[in-house]
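Subject: Structure handover

Hello,

Here is the structure I promised you. Please open it next to this email and follow along.

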Amino acid sequence: GRIDHNLGTSDALFLRGSFWNDKASDPGRIPGYQAGFGSGTADNKGLSIGLGETHTFSSSLVNELRLGFVDFKYEFLPVGYGTDQNKALGIPGPGGITVANGISLIGGGNGGYIEYLGDFGQYIVKQKTLQLSDSLTWIKGSHNVKAGFTLLRRDLTFERTRFGKGFYFYSDFTATPGNKPNLGNTGYEVADMLVGKTQFTATGVPGYVPRETLSWENAVFLQDDWRVSRKLTLNLGLRYDIFAPYYEKDDKLANYDPNTKTVVLPGKNGVPRSTVDTDSNNLGPRAGFAYQIDDQTVVRGSYGIFYSLDRGGVDNQLSENPPAVITEFRFDGPGANVRMSDPIPLPTAVNPNNPVLPLGSGLVYVPRDTKTTMVHQFSANVQRELTHSTAVMLAYVGTRGKNLPARFPESGGWCRT
């Protein structure tokens, strides 16, 4: 809905708001259990409020002030959420600690031999965004100048733990004498799961560790639409963006130093609270033109540099790192080859005073000098009127990205390329 109100001849207000609530549910392949990718209940709801004020100083000077707030929540709950299915079935999970969150993740390979059962657990993301923006437009002769700023604050909380119920991974290759390791399937899936041993295991913190990250995205801009002549118009502008890296309100995040092979903690030894430096070089020039060759032909062109923020998804946040949040894979040694009736050892705790990672630790790595994603966009076109009702256009549009995010599974990190 929207309400408009004029305070007088020089001031106009508006207030708008919207609400949404979308739900979906998939019972899965086995009634009552998380069987089949995507099964479970999804709930997407949110509230958006906007307030605006336009003040007219004169016929050539106008100011526009905007304030916006969005409260968004996405919730995905597995089948069996709220029920301790591990305890009911005799599956110990991580360290014998079971929670009312369905069943452990169980399966192997690509799911062709033993289809996966279970999951990581609940996936709940809440985001509150507050935005203030202002722009001033000034018309002077052949110039239409506009300048302004944007302040945006994000508050993101998530209830999510990778492998929080444990992961029992069974081999997907056939058991043959001489296999190294001496594991494999027999062709009888039920028997393999009941009396066979896993090829490897993974565990996280049972339940979840609450986390809340905060960040700022601010910008200023200046642009001028200049009518140089009857045939030529120029669009010139410059924008400056600052995307401050997110930090966790209780410092429950960490990064990694590949040189020392240790965890980097926020706010210590000269490290910023976010563990990543702010990129302050985000200048974005923009330019465009339109030129009328004759009464039937127009040529246009444009170029601009744009910046964007990509955090890589909830499972790839620095708040997923130890010592606050711990994930550990065991490919050999104690806890790697277990039966489903055996508990998987809890992940090894990381001492903040000596943050050395044990082998098999899950990790998200973001280089401290990470640069903001930059995109160059450019276009050129010519348009020709053939008749009063027909026109043709030939155009070229290009995009070139730089500092794009990329994931390297071998290192478990996110980098820019």
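Thr373 counts as buried because its relative accessibility is 4%. Buried means under 20% relative accessible area, exposed means over 50%, and partly exposed is in between (1.4 Å probe, protein chains only). Thr373 sits in strand E18, which covers residues 373-387. Helices (H or I, at least four residues) and strands (E, at least two) are DSSP runs, numbered from the N terminus. The Thr373 side chain reaches the backbone oxygen of Asn403 at 3.1 Å. That is a polar contact: a pair of N or O atoms within 3.5 Å, where within protein one must be able to donate a hydrogen and the other to accept it, and residues adjacent in sequence count only if both atoms are side-chain atoms.

Before you go on, note that this is a predicted model: local features need pLDDT of at least 70, side-chain atom pairs count only at pLDDT 80 or more, and totals for chains, interfaces and linings use all residues. Residues are numbered from 1 along each chain as its sequence is written, and side-chain values use heavy atoms, with hydrogens and water left out.

Overall picture

The protein has 2 helices and 21 strands. Its C-alpha trace spans about 85 × 50 × 50 Å along the principal axes. The radius of gyration is 28 Å, whereas a compact globule of 417 residues would have one near 22 Å. That radius is taken over C-alpha atoms, and the globule rule is 2.2 Å times the number of residues to the power 0.38.

Of the 417 residues, 39% are buried. The protein exposes about 22,300 Å², and carbon and sulfur atoms supply 58% of that area. Accessible areas come from the Shrake-Rupley method with a 1.4 Å probe; for residues, only the protein chains shown count as cover.

Take the contacts between residues at least 6 apart in sequence: 67% of them join residues at least 24 apart. Contact means heavy atoms within 4.5 Å.

On charge, there are 41 positive and 40 negative side chains. The centres of the two sets lie 2 Å apart. Lys and Arg count as positive, Asp and Glu as negative; His and the chain ends are not counted. Each charge is placed at NZ of Lys, CZ of Arg, CG of Asp or CD of Glu.

Strand residues

Start with Gly17. It is found in strand E2, residues 11-26. Gly17 is partly exposed, because its relative accessible area is 30%. Leaving out residues up to four places away in sequence, Gly17 touches Gly1, Ser48 and Ile49. Val70 is 53 residues from Gly17 along the chain, and their C-alpha atoms are separated by 9.7 Å.

Ser135 belongs to strand E6, residues 123-140. Is Ser135 buried or exposed? Ser135 is buried, as its relative accessible area is 10%. Not counting residues up to four places away in sequence, Ser135 touches Val62, Asn63, Glu64, Lys146, Ala147, Gly148 and Phe221.

Gly301 is placed in strand E16. Gly301 is buried, with a relative accessible area of 10%. Setting aside neighbours within four places in sequence, Gly301 is in contact with Ala287, Gly288, Phe289, Ser379 and Ala380. Gly301 and Asn101 are 200 residues apart in sequence, and their C-alpha atoms are 56 Å apart in space.

Loop residues

Which residues does a cis peptide bond join? Pro322 and Pro323, with omega about 10°. Pro323 is in the loop between strand E16 (297-308) and strand E17 (328-330).

Phe163 has a phi near 60°, a positive value in a residue other than glycine. Its loop runs between strand E7 (143-159) and strand E8 (167-169). Phe163 is buried, with a relative accessible area of 5%.

Asp251 also has a positive phi, about 60°, although it is not a glycine. Asp251 lies in the loop between strand E12 (247-248) and E13. Its relative accessible area is 35%, so Asp251 is partly exposed.

Asn259 is in the loop between strand E13 (255-257) and strand E14 (262-264). At 70% relative accessibility, Asn259 counts as exposed. Asn259 and Pro355 are 96 residues apart in sequence and 14 Å apart in space, C-alpha to C-alpha.

Best wishes
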